[in-house]
Amino acid sequence: GDTRIKAVGDLADKEIMVMKGDNAEEYVRRYNVSRKIITTTTYQEAFRLLSEGKYDAVIAQEVMGAKLLKDLGIKNVAPINYRLDNFRQDFTFAVKKGDANLLIALNKGLSIVMQDGTFNKLRAKWLIEPGTTSDYWLIIGLIGSVIVVMILASAYLIRKKYKETPRGQINS
């Protein structure tokens, strides 16, 4: 029922909770969202404290926050339908230095997923309410896709290496 917070500017004098080490902490510190930043060890702790009225707000990814509120049975906390500019969570993958072939294969697989519509299918399947949720479920789907791409790329590279390996002859 508290309507004092409608935009990021309304957070300047508020006590904001974020999970220590999360990208939300990095965001609030980088953009000086508030002078009163409280870190918690988990988002469960942050939402419980908010529910108890101890602080003013929690900054977190939307879908994860909504799921936690539901799982924890917290009914007196509601998400604000406001997106924070520049608050993103990007995921990437890495390979060992010098493993250019694997990197090429992974990038190619990822490009295919983006071009053939798989990305959009995953988004439609995993987002709880399209247009109103963050990318939490999309990220889960993409991570699964990346794992599949990595497996396929590894199999491709192993097969390629196997075919290129000279076969020795057995002399009797």
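This is a short chat about a predicted model of one protein chain.

Reader: What are the ground rules for the model and its numbering?
Author: Residues are numbered from 1 along each chain as its sequence is written. The model is predicted, so local features need pLDDT of at least 70 and side-chain atom pairs count only at pLDDT 80 or more, while totals for chains, interfaces and linings use all residues; side-chain values use heavy atoms, with hydrogens and water left out.

Reader: How many helices and strands does the protein chain have?
Author: Six helices and three strands. Both are DSSP runs numbered from the N terminus: helices are H or I with at least four residues, strands are E with at least two.

Reader: What pattern along the sequence?
Author: The protein chain reads β-α-β-α-β-α-α-α-α.

Reader: And the order of the sheet?
Author: The open sheet has three strands in the order 2-1-3, with parallel pairing. Strand 2 and strand 3 are the edges, each pairing on one side only. Two strands pair if DSSP finds at least two bridges between them.

Reader: How many bridges join strand 1 to strand 2?
Author: Five, and the two strands run parallel. Met 19 stands opposite Thr 40 there. Between these strands the chain passes through helix 1, and the β-α-β crossover is right-handed. That is, with the strands pointing away from the viewer, the path from the first strand over the helix to the second runs clockwise.

Reader: How many join strand 1 to strand 3?
Author: Two, again with parallel strands. Met 17 stands opposite Val 58 in strand 3.

Reader: Back to Thr 40. Buried or exposed?
Author: Buried, with a relative accessible area of 3%. The cut-offs are under 20% for buried and over 50% for exposed, with partly exposed in between (1.4 Å probe, protein chains only).

Reader: Which residues does Thr 40 touch?
Author: Not counting residues up to four places away in sequence, Thr 40 touches Met 17, Val 18, Met 19, Lys 20, Glu 45, Ala 46 and Leu 49. Contact means heavy atoms within 4.5 Å.

Reader: Where does a polar atom of the Thr 40 side chain lie?
Author: It lies 2.8 Å from the backbone oxygen of Thr 42.

Reader: New topic. Which residues have the most contacts inside the largest nonpolar core?
Author: Tyr 43, Phe 47 and Ile 59, in a core of 25 residues. Such a core is a set of buried Ala, Val, Leu, Ile, Met, Phe, Trp, Tyr and Cys residues joined through side-chain atoms within 4.5 Å.

Reader: Which elements give two or more residues to this core?
Author: Strand 1 (15-19), helix 1 (23-30), helix 2 (43-51), strand 3 (57-58) and helix 3. Helix 2 gives the most, with five residues. A second, separate core has eight residues, including Leu 106 and Phe 119.

Reader: What does Tyr 43 touch?
Author: Among its contacts beyond four places in sequence are Val 18, Ala 24, Ile 59 and Leu 68.

Reader: Ala 24, buried or exposed?
Author: Buried, at 0% relative accessibility. Ala 24 sits in helix 1. Beyond its neighbours within four places, Ala 24 is in contact with Val 18, Tyr 43, Ile 59 and Phe 87.

Reader: Which residues are buried in helix 3?
Author: Val 63, Met 64, Gly 65, Leu 68 and Leu 69, in a helix spanning residues 62-72. Gly 73 follows helix 3, with a positive phi near 70 degrees.

Reader: How much of the whole chain is buried?
Author: Buried residues make up 31% of the 172 residues.

Terms used
A polar contact is a pair of N or O atoms within 3.5 Å; within protein, one must be able to donate a hydrogen and the other to accept it, and residues adjacent in sequence count only if both atoms are side-chain atoms.
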